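Colleague: I have a new model open and would like to learn how to read it. Can you walk me through, feature by feature?

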There are 2 protein chains.
Amino acid sequence: MSFLDLVKKRRSTRNFSSTPVDRGKLKRCLEAARLAPSACNGQPWRFIVVESVPLREILAERAFSGVHSMNAFAKKAPVLVAVVTLPTRSPAAFAGLLRRFSYPLIDIGIACEHFVLQATEEGLDTCWLGWFNERAVKKILNLKREERVHILLAVGCGSGAQSGEKKRKSLLEISEFR
Amino acid sequence: MSFLDLVKKRRSTRNFSSTPVDRGKLKRCLEAARLAPSACNGQPWRFIVVESVPLREILAERAFSGVHSMNAFAKKAPVLVAVVTLPTRSPAAFAGLLRRFSYPLIDIGIACEHFVLQATEEGLDTCWLGWFNERAVKKILNLKREERVHILLAVGCGSGAQSGEKKRKSLLEISEFR
């Protein structure tokens, strides 16, 4: 599959079936994420793959309830990946202060998309989740105060057909040659 | 090429030759970036592809001099892409305030990596650049006050062989199953 075809195949899935996910596939997704580039090669990430039933159910229940229930569909995903953003100690931390932005957020974007695109190649469905109860997630997973979970990834097999063009701005709107 | 092979093939190139870059290849890179997912589908990006000689030389000279000269190698790249991060007006802006982080930075990470991986598939070499004189870049490109350029991408053909394993933490170090 060409890279453009892979990119087109990836869709955010909000309709997961209960089909379990093969661990070999998950490991290749992690490998793709592991090889992602990052500022100063800081690799400010850790991936906690939650698949065991009691933990996943508690995590999903606490993460996606109340004001976060717009993502309640993710309670049905057979796998949730908590992407832990580590505090960075590389020169990128200093550069980030000077430039007033957080390089690790860009790094997390890259690494998670590697995970998601590998999942697509493996025939899995995914959904990026950026709206959930982070405090509850950190507590349940016993994370340190300075660690953050900006992103959760829902992984599984979609139970509905998805098709059609992606809704995006046109190439003319987002790019120019000078 | 499998996605994992593509990921392994991508290297940061710091040794560009003067070979010009085919515009059709650049357009496919932009198309891959255009199709990237983003928070609330906000697509907070614009790509200014700088390839014309006088503008590129001025841009590179001002971007990569003085305290930013560690990236002076990029002055030789035949193409520089200024990735403009647009101020977001989607619900992601509100969510970002509540969660205390900038969703557009994650989105920029995803979209730029789509660009870079498509470039790799096209046989091009790239380098992510996060350290440059942003104020000068914004002025030369006549950008708005509220727009930012967090990332520049250098694109071209590498003139040296690159090989060897990528230096990364091990899978055990960055992941666990629970």
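Modeller: Start with burial. A residue is buried if 20 or more other C-beta atoms lie within 10 Å of its own. By that count, 44% of the 178 residues of chain A are buried. Keep in mind that this is a predicted model.

Colleague: How many helices and strands are there in chain A?

Modeller: Chain A has 7 helices and 5 strands. Read from the N terminus, the order is α-α-β-α-β-α-α-β-α-β-α-β.

Colleague: What do the contacts within chain A join?

Modeller: Take the contacts between residues at least 6 apart in sequence. Of these, 83% join residues at least 24 apart.

Colleague: Now the sheet. What should I look for?

Modeller: Strands of a sheet pair through backbone hydrogen bonds, either parallel or antiparallel. Here 5 strands form an open sheet with mixed pairing, in the order 3(A)-4(A)-2(A)-1(A)-5(B). Its edge strands are strand 3 (125-129) of chain A and strand 5 (175-177) of chain B, each pairing on one side only. On average, neighbouring strands are turned by 20 degrees against each other, direction ignored.

Colleague: In which sense do strand 1 of chain A and strand 5 of chain B pair?

Modeller: These two strands pair in the parallel sense, over 3 bridges. I48(A) stands opposite E176(B) there. Helix 5 of chain A packs on this sheet and touches strand 1, strand 2 (79-85), strand 3 and strand 4 (148-156) of chain A. The direction of helix 5 makes about 10 degrees with that of strand 4 of chain A.

Colleague: Where does strand 5 of chain A pair?

Modeller: Strand 5 of chain A pairs with strand 1 (residues 45-50) of chain B, in the parallel sense and over 3 bridges. F177(A) has V49(B) as its bridge partner.

Colleague: On to the interface. How is its size given?

Modeller: The size of an interface is often given as the accessible area lost when the parts come together. Here, count residues instead. Chain A gives 57 residues to the contact, and chain B gives 57 residues. On the side of chain A, the elements with two or more residues include helix 1 (3-9), helix 2 (23-34) and strand 1 (45-50). Helix 5 of chain A gives the most, with 12 residues. By class, this side has 28 nonpolar, 12 polar and 17 charged residues.

Colleague: And two packed helices?

Modeller: Two packed helices are described by the angle between their axes and the distance between the axes. Take helix 2 (residues 23-34) and helix 5 (residues 103-121) of chain B. Their axes come within 7 Å and cross at roughly 145 degrees. The crossing is right-handed.

Colleague: Which residues of helix 2 of chain B meet helix 5 of chain B?

Modeller: R28(B), C29(B), L30(B), A32(B) and A33(B) do, and their partners in helix 5 include A111(B), C112(B) and F115(B).

Notes. Residues are numbered from 1 along each chain as its sequence is written. Chains are lettered from A and ligands numbered from 1 in the order in which they are written. This is a predicted model: local features need pLDDT of at least 70, side-chain atom pairs count only at pLDDT 80 or more; totals for chains, interfaces and linings use all residues. Two residues are in contact if their C-beta atoms, placed from the backbone, lie within 7 Å. Helices (H or I, at least four residues) and strands (E, at least two) are DSSP runs, numbered from the N terminus. Ala, Val, Leu, Ile, Met, Phe, Trp, Tyr, Cys and Pro count as nonpolar, Asp, Glu, Lys and Arg as charged, and the others, Gly among them, as polar. Two strands pair if DSSP finds at least two bridges between them. A residue is buried if 20 or more other C-beta atoms lie within 10 Å of its own, exposed if 12 or fewer, and partly exposed in between; C-beta atoms are placed from the backbone. Axes are lines fitted to C-alpha atoms, for helices over the stretch in contact, and angles run from 0 to 180 degrees between N-to-C directions. A crossing is left-handed if the near helix is turned anticlockwise from the far one by less than a right angle, and right-handed if clockwise.
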